[in-house]
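Good morning, and thank you for coming. Please look at the model on the screen while I take you through it.

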Amino acid sequence: MSFDPKILGIACNWCTYTGADLAGTTRLHYPHNVRVARVMCSSRINPAFIFRAFVLGADGVLVGGCHPGDCHYSTGNLYARRRLAVTKKILEFAGLEPERFRVAWISASEGNIFAETVREFTEQVRNLGPQTKLAAQKRMLA
Amino acid sequence: MIQIEKRLREEAKRLLETKEAAVVLAFGRGFDEEHPMPLILRKPSDAEKIVFNEYCTFNMARHLTEFPPGTKIAVAVKAADSRAVTVLIQEGKVKREDLIILGIPVAGMKDFRSGTAIDATTTGPAVNPVLYDILLADLLPEPKDVSPYDVLAEIEAMSPDDRWGFWSAEFSRCIRCYACRKACPLCYCETCFVDQAKPRWSEKSPSASSNMMFHLTRFYHLAGRCIDCGSCSRACPMDIPLYLFHKKVSKECEEMFDQAAGMCVDAKPVMVDFKVEDSDDILL
């Protein structure tokens with residue numbers, strides 16, 4: 001059986017989560033590998049969430065937010081953009097494959113783009129294989 | 001160095017006598033000349049205890065946040081330390097008007113453990129403080145054509161797997177004594193994320209993955225703030241080259257956001273700021 005990656009999705013309430021909802025209500029098919037957690041804004045994401053996800057054994061992390069300029073809180077995703085860029089640089093320099101972490105700006109009307117992004121990212125992570133670098137030897141929390 | 005020590009004693013004595021400062025943060029004798037200690041003075045008569053030599057490498061900005069707000073503090077700073085003071089002012093942890101900054105232009109400091117000179121490989125190349133009220137020696141010529149980031153080339157050239165091998169070997173030696181956190185002038189959180197029980201961000205006992213979690217998050221917390229003083233690495237009992245990672249993060253922040261940490265009191269630290277035209281190319 002081929003490797004089935006576990007991917008943490010973190011989606012902002014106003015755009016990406018609603019976009020994911022739209023993908024569902026329009027009956028679009030996409031892989032089940034991304035488990036979506038909802039936050040109120042992409043700037044709510046503490047980079048430690050991402051490090052923690054990898055430590056707990058996630059094979060990839062996908063962050064979704066509003067398009068820059070469309071943030072429900074005006075500027076939240078502009079802060080998030082800087083934070084996530086630094087987070088990615090840190091993961092990269094530590095030696096984790098940078099392809100395991102991705103950010104997508106997906107608006108509430110882009111259900112098809114959400115499905116497409118999940119499909120693409122899942123394949124990308126599947127090709128990389130299981131993430132064993134940061135993951136704790138024994139999974140501490142199931 | 002002797003001249004600086006003399007001037008530092010004079011200024012400390014004067015500031016405490018005239019009550020311009022309630023506290024002076026300087027360097028004192030440890031168990032011998034080569035092992036100085038941080039010294040906190042409150043009485044003019046204590047000024048004689050001040051020493052200054054090439055082993056006074058620690059960053060006294062570390063102690064600025066330990067006093068109640070409004071305390072008039074005089075602090076002796078070297079080049080990198082003055083940038084730490086600047087960041088603390090930017091972040092509102094201390095007020096500029098409460099500080100009297102005694103600037104020490106100095107080159108040729110030495111690591112007291114190894115006795116080797118501290119140069120641009122482990123810290124910033126600057127020799128003059130960026131912010132001071134009283135200068136304790138004449139300004140020195142700044143070294144030209146020295147980048148603090150040259151030392152990174154070797155690690156940047158590695159493949160991701162080799163880099164992972166390098167860092168996991170380094171961090172697996174970490175004993176989680178938190179000396180890096182204690183030595184850092186900008187690690188001032190009352191409760192570090194790693195000490196929190198709810199949420200439990202990280203396992204507390206040393207293990208490969210929890211060490212990585214602690215250090216990566218700490219590097220992130222110092223992104224755009226680290227002023228490359230190298231105190232963390234000198235404090236590390238296991239000789240983990242933390243400065244390399246900090247340098248890398250500072251370098252990326254400078255390249256992406258076009259601003260070095262702690263150079264100007266009026267600037268905003270890059271991680272609490274944004275520009276509409278910031279790039280997201282690496283994220284997508």
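I begin with chain B, where five strands make up an open sheet of mixed pairing, ordered S2-S1-S3-S4-S5. Strands here are DSSP runs of E with at least two residues, helices are runs of H or I with at least four, and both are numbered from the N terminus; two strands pair if DSSP finds at least two bridges between them. Strand S2 (37–41) and strand S5 (134–135) of chain B are the edge strands, each with a single partner, so one side of each has no neighbour in the sheet.

A word on conventions. This is a predicted model, in which local features need pLDDT of at least 70 and side-chain atom pairs count only at pLDDT 80 or more, while totals for chains, interfaces and linings use all residues. Residues are numbered from 1 along each chain as its sequence is written, and chains are lettered from A and ligands numbered from 1 in the order in which they are written.

Returning to the sheet, strand S1 (residues 23–28) of chain B pairs with S2(B) in the antiparallel sense over five bridges. Within S2(B), B:Leu39 is the residue opposite B:Ala26.

Now the chain interface: 31 residues of chain A and 33 residues of chain B are in contact, that is, their C-beta atoms, placed from the backbone, lie within 7 Å. On the chain A side, helix H2 (47–55), helix H3 (76–94) and strand S4 (101–105) each supply at least two residues. H3(A) gives the most, with 14 residues.

Key
Contact = placed C-beta atoms within 7 Å.
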